[in-house]
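Subject: Structure handover

Hello,

Here is the structure I said I would pass on. My notes on what turned up in it follow below.

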Amino acid sequence: MVKKIKLGLLGGGTVGTGVIKVLQDNYHDIKEKIGCDIEVSKVLVRNVEKHRALSDMVTLTTNADDILEDKEIDIVVELLGGIHPALEYMLKAMNNGKHVVTANKDVVAQFGKDVFDAAEKNDVDFMFEASVGGGIPIITPLKQSLTANKITDLIGIVNGTTNYMLTKMAEQGMDYATALQRAQAKGYAEADPTADVEGLDAARKVAILSSIAFNTRISLDDVKVEGITKITPEDISYAKELGFAVKLLAVAKNTKDGIDVRVHPTFLPKSHPLASVRNVYNAVFIHGNAVGDTMFYGRGAGEKPTASAVLADIIDVARDMGKDRFGRIRCTCYEEKKLCPPDKVRSGYYIRLLVEDKPGVLGAIATAFGESKISLHSVIQKRKVADRSEIVAITHDVNNSQIEDIKIRLNNLDVVSEISNMIRVIMPQGD
């Protein structure tokens, strides 16, 4: 039986500090659940003076090898973020026989195979619950609780920054720029918000989730990505009027034509469970052939929520160590499934047009949709912009080639001044 488990933290920032605090606050219960003592032995920081508050609790170092080469440290907890040098540190830790726990979505999404292969080679654990959804348990449920299912659909709100912004745009009438400024003022968005607002953060997370859900390797390059930068107050207003909420969704589907993985803004029916997920909260909605529909909901980031997920992985590794049993659940990508061809991907669309205000316009537009073989669910014309009229059409499900065709036809119509926006739509069930 292990007498004491020692942790080495790579990173003493928000999450690292959270891990130390939660371990201290809940130490008695955690010790009982593991069956032995556990402590943070050393923490890697860039500037010791900046983290002086931690020095009363742990040993601080600016040299990663003080942790990676320390034979007494059992588990290395990587909380640096980014790919380099985090990837190299994780691989070195494993090669030195240490288990690794991380919150690093970048490494898992882009170099998952490398770290899983290293864990297998060195017979150590590699755990990454905190890489998706902050404090929401989602990786472990997919690998364990739902493992008897064939997962067909996974839809998630997995970026708190964009969900906060879209919430403010919907509830307070903010435009995109104002919502972004508010998110930055609150600390929810970085000075450079590109990874969030362009959908790249969500894309990394859905690559991880879909790889686990569908038992096949999905890379970041396999994810089609569109962000929220083109969403306007007008789009939000029309969504409300038509019974929808606008959300940035990570969508993964296991279809007969292959794996379809994408991130994009979506008109989501207000009756859908994800439509009520507000502010910085995240949620993942999953359909399995045995369990049916299930949803995981909670805070997607933050000091203690993310620390909760990190410590859950640490506890799992520690329990294994006490039984001399490692590798709880290793890489589950044992299949090689093809990706769904773009032309097989189907979705409804919201299309907002600025058109000339004269007779015959609706007829010309309806004819164009008919020639593209697109069936319309609804068409409304309510607002004027200067001397033009605004028309909004909601289509039934169409494929990509039909959408590209209608773009060309509409742009070639003299009565159409511009296609103001096009956003995917999930229609209410039964429509």
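Serine 41 sits in strand β2, which covers residues 37–44. The model is a predicted one, and in it serine 41 counts as buried, with a relative accessibility of 14%. Apart from residues up to four places away in sequence, serine 41 touches Lys6, Leu7, Val58, Thr59 and Ile73.

Strand β2 belongs to an open sheet of six strands, in the order β3-β2-β1-β4-β5-β6, and the pairing is parallel. At the edges are β3 (59–61) and β6, each of which pairs on one side only. Strand β1, residues 4–10, runs parallel to β2 and is joined to β2 by seven bridges. As background, strands of a sheet pair through backbone hydrogen bonds, either parallel or antiparallel.

Lysine 384 has serine 389 of β15 as its bridge partner. Two residues lie between the strands of this hairpin, and alanine 386 takes a positive phi near 55 degrees there.

- Aspartate 123 has a phi of about 55 degrees. Aspartate 123 is in the loop between α5 (105–122) and β6 (126–127), and it is partly exposed, with a relative accessible area of 42%.
- Asparagine 279 also has a positive phi of about 55 degrees. The loop between β10 and β11 holds asparagine 279, which counts as buried at 18% relative accessibility.

On peptide geometry, the bond that joins histidine 84 and proline 85 is cis, with omega about 10 degrees. Proline 85 is in the loop between β4 (75–78) and α4 (86–95).

Next, the cysteines. How many disulfides does a search of the whole structure find? The search finds zero. For cysteine 340 the reason is distance: the closest cysteine sulfur, in cysteine 333, is 19 Å from its own sulfur, so a bond is ruled out as too far. A disulfide would need the two sulfur atoms within 2.5 Å. As for accessibility, cysteine 340 counts as buried at 10%, whereas cysteine 333 is partly exposed, with a relative accessible area of 21%.

Isoleucine 228 is in the loop between β8 (224–225) and α11 (233–242). Is isoleucine 228 buried or exposed? Its relative accessibility is 0%, so isoleucine 228 counts as buried. The residues it touches, not counting those up to four places away in sequence, are Thr162, Met165, Leu166, Tyr176, Val197, Leu248 and Pro265. The C-alpha atoms of isoleucine 228 and valine 48 are separated by 39 Å, and the two residues are 180 residues apart along the chain.

Proline 193 is in the loop between α8 (176–185) and α9 (194–197). Proline 193 also counts as buried, at 12% relative accessibility. Leaving aside neighbours within four places in sequence, proline 193 is in contact with Leu180 and Gln184. From proline 193 to methionine 295 is 102 residues in sequence and 28 Å in space, C-alpha to C-alpha.

Last, the second largest pocket. About 710 Å³ of space lies in it. The second largest pocket is lined by 35 residues, and the closest to its centre are Asp153, Ile155, Lys253, Ile426 and Met427. Which strands each supply at least two residues of the lining? They are β7 (151–157), β9 (244–255), β10 (258–269), β11 (281–288), β13 (346–356) and β17 (416–425). The largest share, five residues, comes from β10. By class, the lining of this pocket has 13 charged, 11 polar and 11 nonpolar residues.

Regards

Terms used: Residues numbered from 1 in each chain as written. Predicted model: local features only at pLDDT ≥ 70, side-chain atom pairs only at ≥ 80, totals over all residues. Heavy atoms only, no water. 1 Å grid on protein atoms, 1.4 Å probe; cavity = no way out; pocket = protein on both sides within 12 Å on 5 of 7 lines; lining within 4 Å. Points joined across faces, edges and corners; volume = space filled by probe spheres on them. Helix = DSSP H or I, 4+ residues; strand = E, 2+ residues; numbered from the N terminus. Nonpolar A, V, L, I, M, F, W, Y, C, P; charged D, E, K, R; others polar. Pairing = 2+ DSSP bridges. Buried < 20%, exposed > 50% of the residue type's maximum accessible area, 1.4 Å probe, protein only. Contact = heavy atoms within 4.5 Å.
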